[in-house]
There are 2 protein chains.
Amino acid sequence: MPQIRTIVSAMLLAGSTSIASAWEALPTTAPAPANNPTTTEKIELGRTLFHDPRLSSTGTVSCASCHNVMAGGEDNRPNSMGVHGQTGGRSAPTVWNSAFNKVQFWDGRAASLEAQASGPVTNPIEMGMKSWDDVVTRLKSIDGYLVAFKKAFPNEDISEETATKAIAAYERTLITPNSPYDKYAKGNKSALSAQEVRGLKKMAEIGCLSCHSGAAFNGKGDFREFPAIYNSFLEKQYQFSNDEGLFEVTKKQEDKHFFKIPTLRNIALTAPYFHNGSVKTLEKAVKVMATTQLGRKLSNKEVDDIVAFLNALTGEFPKQSLPTLPATPGKTFN
Amino acid sequence: MPQIRTIVSAMLLAGSTSIASAWEALPTTAPAPANNPTTTEKIELGRTLFHDPRLSSTGTVSCASCHNVMAGGEDNRPNSMGVHGQTGGRSAPTVWNSAFNKVQFWDGRAASLEAQASGPVTNPIEMGMKSWDDVVTRLKSIDGYLVAFKKAFPNEDISEETATKAIAAYERTLITPNSPYDKYAKGNKSALSAQEVRGLKKMAEIGCLSCHSGAAFNGKGDFREFPAIYNSFLEKQYQFSNDEGLFEVTKKQEDKHFFKIPTLRNIALTAPYFHNGSVKTLEKAVKVMATTQLGRKLSNKEVDDIVAFLNALTGEFPKQSLPTLPATPGKTFN
């Protein structure tokens, strides 16, 4: 890892012209998998499902509850609150620009948005449905969904597969382009302040961007060990290492404490930070990352510059309209 | 009570012409109190506050969580789920057309939408904030709210009063006109089917409308005893009388089991029914009401006709846009 970092940093430092030309603006559309081409009908159905709390056992938790598209695409909590007030050990990642992650969840265990969407619904502490069979039975009892699924999937039944495909199609529209950084990357050099440019260059110089690379600053689906450098003081404070990351799925030693590289897009809106949401501010998060991943202690000025740049990664949020949830006239949902 | 019912029923039965001319369509605007004239700025601020889960201690429960404007204005649950998964004893009333209630809450203890809006925020099992001082402190820590409050209330501070005024201003826009019944009331006699008209006439004949009177079918803010006729079989099944209604607020004997007359607008969308949400279907709710309030046993055909009419009270829901919640860049909300 350190070698890779050195190479990339050196590359990025080669000159300000080549640095600038290396910057990538966020694409305004996301590619869809061959088996789930995006259509308007799927997006509309997915938007409705995403906001429908009846996808939870209690009827109180929707995808949007923890991935709030009125805000930074998550809930600003250390960990989310699922059905019956239960909480888990990880902090909800943002749904905005998640289309640009190659893998999903903090441990990257889902290879697609479709695969991700199926998880929380039947997780007992998240949405608490007993099974997808139960979800499908409930959806089939709601007339409006019979119509909406038929439009989105004319030749398929309501199923876990079609429901998660629709949700993923909607999520692929959740893209926040035109951040100050994007304008800068496209050539408008005054779109970033001098301080923000200093922050960007500092991040390139010290190695942040060797992992947080690409247009989404998410390493294009790569994994990294976190913390890479064990620090007993930070461990005592934040218990980062209690969570073994990808190892908890694969049980392979080499996956211990490996996590998906999270996007830095809109990071200013997604406090608190890290997989366990233990760090309350972006300033502190930058300091922690420098210590645990790069073995560096940053000056306050360096931290301020980097934070200024990270704020310039806040994009434009496409206006969302509230779906009208299909009704069950004269009765309730279960 | 029985005398009033008899008079009104007799009046409504006087002739089909006079019945039809007695019907009132739902107004498309709601009057605002003199001290809170509706403005666009207040509506926008109120819409944002209404959808902001940071008005709860956990950041997980907004007004919209239990009064879902993507649906029938409530949550289709027997009782709502507040912070930490707690539930109370009463079923959330719909926020749609609540502007036409003279009093709010099942027990009518709030005399205005403004007064109502202040309650759930600091209720320990609903939104769980310790005090409105804490709410105001939190709102003041969010830059976007400083701006939005200044626009809505140029000469006033952020306070419980201004926050609840804004929420009430938004709620006054939540009106669902143009139900089939409204079209009928305005003179389009084909807007209701023969069965729906039979249901309406049956309701007038047997006395339903002596309480559920007026354009919103809510008795214009009046209270009634429920159940009016004690029925031990129904009590055993639904425990209606465990809740003493207005008495729990006033401690006056004459208020025992008195409740605000709820609107019948969009009633098909707000199952389960009654103050404790104990009755799952509209069919059953109609039968229960006939028994406990009118001392009548309805035939299945009569019930079907009435339910058909009640479905014709489902109005058109104005399209809601999702607010963008103002952010706290680099940190979380508490």
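Visitor: How far apart do the C-alpha centres of domain 1 and domain 2 of chain A lie?
Guide: In this predicted model, chain A is divided into domain 1, made of 2-28 + 177-311, and domain 2, made of 40-171. Between the C-alpha centres of these two domains of chain A, the separation is 28 Å.

Visitor: Which elements give two or more residues to the side of domain 1 of chain A that touches domain 2 of chain A?
Guide: The contact between the domains joins 27 residues of domain 1 of chain A to 23 residues of domain 2 of chain A. By class, the side belonging to domain 1 has 12 nonpolar, 10 polar and 5 charged residues. The elements of chain A that give two or more residues to this side are helix H13 (247-250) and strand E2 (258-260).

Visitor: Why do the buried residues of H5(A) line one face of the helix?
Guide: Helix H5 of chain A, residues 113-122, has as its buried residues A:Leu113, A:Glu114, A:Gln116, A:Ala117, A:Pro120 and A:Val121. They line one face because, seen down the axis of H5(A), they fall within an arc of 160°.

Visitor: Against which helices do the buried residues of H5(A) pack?
Guide: The buried residues in question include A:Leu113 and A:Val121. Their packing partners, both in chain A, are helix H6 (132-140) and helix H8 (160-171).

Visitor: How many charged residues has the side of chain A that touches chain B?
Guide: The contact takes 38 residues from chain A and 39 residues from chain B, and helix H14 (282-294) and helix H15 (300-311) of chain A are the elements giving two or more residues to the chain A side. By class, that side has 17 nonpolar and 15 polar residues, while the charged residues number 6.

Note on methods: Residues are numbered from 1 along each chain as its sequence is written. Chains are lettered from A and ligands numbered from 1 in the order in which they are written. This is a predicted model: local features need pLDDT of at least 70, side-chain atom pairs count only at pLDDT 80 or more; totals for chains, interfaces and linings use all residues. Two residues are in contact if their C-beta atoms, placed from the backbone, lie within 7 Å. Helices (H or I, at least four residues) and strands (E, at least two) are DSSP runs, numbered from the N terminus. Ala, Val, Leu, Ile, Met, Phe, Trp, Tyr, Cys and Pro count as nonpolar, Asp, Glu, Lys and Arg as charged, and the others, Gly among them, as polar. Domain bounds come from an automatic or database domain assignment. A residue is buried if 20 or more other C-beta atoms lie within 10 Å of its own, exposed if 12 or fewer, and partly exposed in between; C-beta atoms are placed from the backbone. The arc is that of the directions from the helix axis to the C-beta atoms.
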